[in-house]
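Here is a short briefing for a first look at this structure. Keep the 3D view open while you read.

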Amino acid sequence: MKYNFDEDVTGNVQDTIKWGEADALFGGEDLLPLWIADMDFQAPKPVIDALIKRAEAGLFMYTAMPESTLEAVASWLSERHGWAIETDWIRFAPGVIALLEASVRAFTAPGDRVIVQPPVYGPFGSVVSALGREAVHNPLKQNPANGKYEMDLADLERKLRETGARLLILCSPHNPVGRVWTKEELAGLAELCVRFDVTVVSDEIHADLVLTGKHCPLVLADPRMAERTVVCLAPSKTFNIAGLQSAFAIVPDDRLRTVFDKALGKKEPNPLSAAAMEAAYREGQEWLAQCLDYLRGNARFAVEYLAEHLPQARCVVPEATYLLWVDLRPFGIPAKSLKTLLVQEAKVAVSDGSIFVGEGEGFIRINLASRRARVEEGLRRIAAALGSANGG
Ligand SMILES: Cc1ncc(COP(=O)(O)O)c(C=O)c1O
């Protein structure tokens with residue numbers, strides 16, 4: 001079927017965090033929400049149908065993960081990413097953050113160091129510190145020739161040697177900078193992880209939201225990583241069902257899985273999340289293909305719009321995700337004033353760069369997963385507010 005991503009779904013969004021809580025959280029009024037990573041699109045029709053069917057059965061008892069759902073996950077990974085897994089490597093959790101927490105508890109002790117690569121998804125830092133571990137930063141660096149971020153492996157090698165960190169949390173593809181790490185880049189990282197005996201939590205939640213290029217699962221970049229990697233995945237971002245709370249880890253190595261299991265404990269899905277996950281992976285492909293086309297269009301549109309209307313803002317079209325990472329440092333506006341300007345003048349709720357574990361001050365992250373007219377309205381507001389702050 002043909003999906004219409006230009007449809008306005010905002011008649012039904014008041015109980016969502018993205019729409020319902022933006023004003024209170026950002027301290028503004030009538031803000032256009034372009035922040036938390038949800039899409040303003042209805043989920044795929046097969047997911048909606050599966051939920052209705054499961055609800056109509058009327059049985060909502062404690063639910064075991066059906067084998068058919070695990071098989072749907074395995075088929076998806078094999079067909080989409082060329083990764084053959086066994087279903088008993090899969091561990092369910094209500095969210096990726098729970099999997100990150102379990103990994104940090106499983107593979108480190110309080111006081112240990114954990115490598116993260118900022119600017120990166122904020123909970124990578126907060127999960128580590130909340131558990132009494134210390135985040136060691138291996139910042140990404142921006143290539144001045146094309147504006148793209150790259151890993152700094154020389155810095156990583158130094159940090160591994162100097163800090164003794166033996167756990168690394170990888171974001172692949174990367175939120176917020178939108179990189180799809182190449183097989184070669186991942187192989188370079190893997191080489192260091194093997195050399196320094198590092199375990200990796202590879203958060204690949206955005207793996208299916210690739211706009212250009214191809215996602216390479218870390219364990220395929222270097223087969224030696226299979227014995228030292230916990231891969232975190234979910235249908236939540238891919239099919240816009242984050243509120244249904246389902247995610248899973250894939251832990252190919254028996255020894256690692258035993259340690260991980262102890263930290264995670266047994267987590268069961270709820271009947272609706274299991275039904276949605278299975279339908280999404282079995283029948284969500286058509287929706288996803290159309291959604292990705294629409295998102296590619298939005299990403300191109302946004303970058304061109306900013307180049308034309310706010311040329312001092314620096315950004316590149318993301319290779320993955322629907323999140324646009326924009327450098328506003330050329331405006332020279334202090335961080336606090338920038339926040340106020342965006343909320344009070346532009347009336348938009350965008351993610352402030354400072355929440356991405358350091359390295360993000362002066363940047364914003366704009367969520368582009370909305371109907372194009374709304375994305376345009378958001379960009380228009382941002383350009384007008386910054387343009388006039390800049391005397392333009
Ligand atoms: C890289 C990354 N990991 C994890 C999450 C959140 O996962 P969950 O809602 O499953 O805990 C997000 C949400 O934006 C994310 O971008």
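About 30 Å³ of space lies in the second largest cavity of this predicted model. Its lining includes Trp76, Leu77 and Phe248. A search of the whole structure finds two cavities of 30 Å³ or more. The points below take the cavities, then the domains, then the sheet and its helices.

**Second largest cavity**
- The lining is made up of Trp76, Leu77, Glu204, Ile205, Ala207, Asp208, Leu233, Ala234, Phe248 and Tyr281.
- Eight of these lining residues are nonpolar and two are charged.
- No polar residue takes part in this lining.

**Largest cavity**
- The largest cavity has a volume of about 50 Å³.
- Gly147, Lys148, Tyr149, Val177, Gly178, Arg179, Val316, Val317 and Glu319 line the largest cavity.
- This lining divides into four nonpolar, two polar and three charged residues.

**Domains**
- The protein chain is divided into domain 1 (17-44 + 284-390) and domain 2 (59-282).
- The C-alpha centres of domain 1 and domain 2 are 25 Å apart.
- In the contact between the two, 30 residues of domain 1 meet 39 residues of domain 2.

**The seven-stranded sheet**
- Seven strands form an open sheet with mixed pairing.
- Their order is E2-E10-E9-E8-E7-E3-E4.
- Which strands sit at the edges? They are strand E2 (90-93) and strand E4 (134-137), and each pairs on one side only.
- On average, neighbouring strands of this sheet are turned by 25° against each other, direction ignored.
- Strands of a sheet pair through backbone hydrogen bonds, either parallel or antiparallel.
- Strand E7 (residues 167-171) and strand E8 (residues 199-203) pair in the parallel sense, over five bridges.
- Leucine 168 has valine 200 in E8 as its bridge partner.

**Helices across the sheet**
- Helix H5 (residues 96-107) lies across E2, E7, E8, strand E9 (229-233) and strand E10 (247-250).
- Helix H5 runs at about 165° to E9.
- Helix H10 (residues 254-264) lies across E2, E8, E9 and E10.
- What angle does helix H10 make with E2? Helix H10 runs at about 15° to E2.

Notes: Residues are numbered from 1 along each chain as its sequence is written. This is a predicted model: local features need pLDDT of at least 70, side-chain atom pairs count only at pLDDT 80 or more; totals for chains, interfaces and linings use all residues. Side-chain values use heavy atoms; hydrogens and water are left out. On a 1 Å grid over the protein atoms alone, a cavity is a set of points where a 1.4 Å probe fits but cannot get out, and a pocket is an open set with protein on both sides within 12 Å along at least five of seven lines; lining residues have an atom within 4 Å of a point. Grid points are joined across faces, edges and corners, and a volume is the space filled by probe spheres set on the points. Ala, Val, Leu, Ile, Met, Phe, Trp, Tyr, Cys and Pro count as nonpolar, Asp, Glu, Lys and Arg as charged, and the others, Gly among them, as polar. Two strands pair if DSSP finds at least two bridges between them. Helices (H or I, at least four residues) and strands (E, at least two) are DSSP runs, numbered from the N terminus. Axes are lines fitted to C-alpha atoms, for helices over the stretch in contact, and angles run from 0 to 180 degrees between N-to-C directions. Contact means heavy atoms within 4.5 Å. Domain bounds come from an automatic or database domain assignment.
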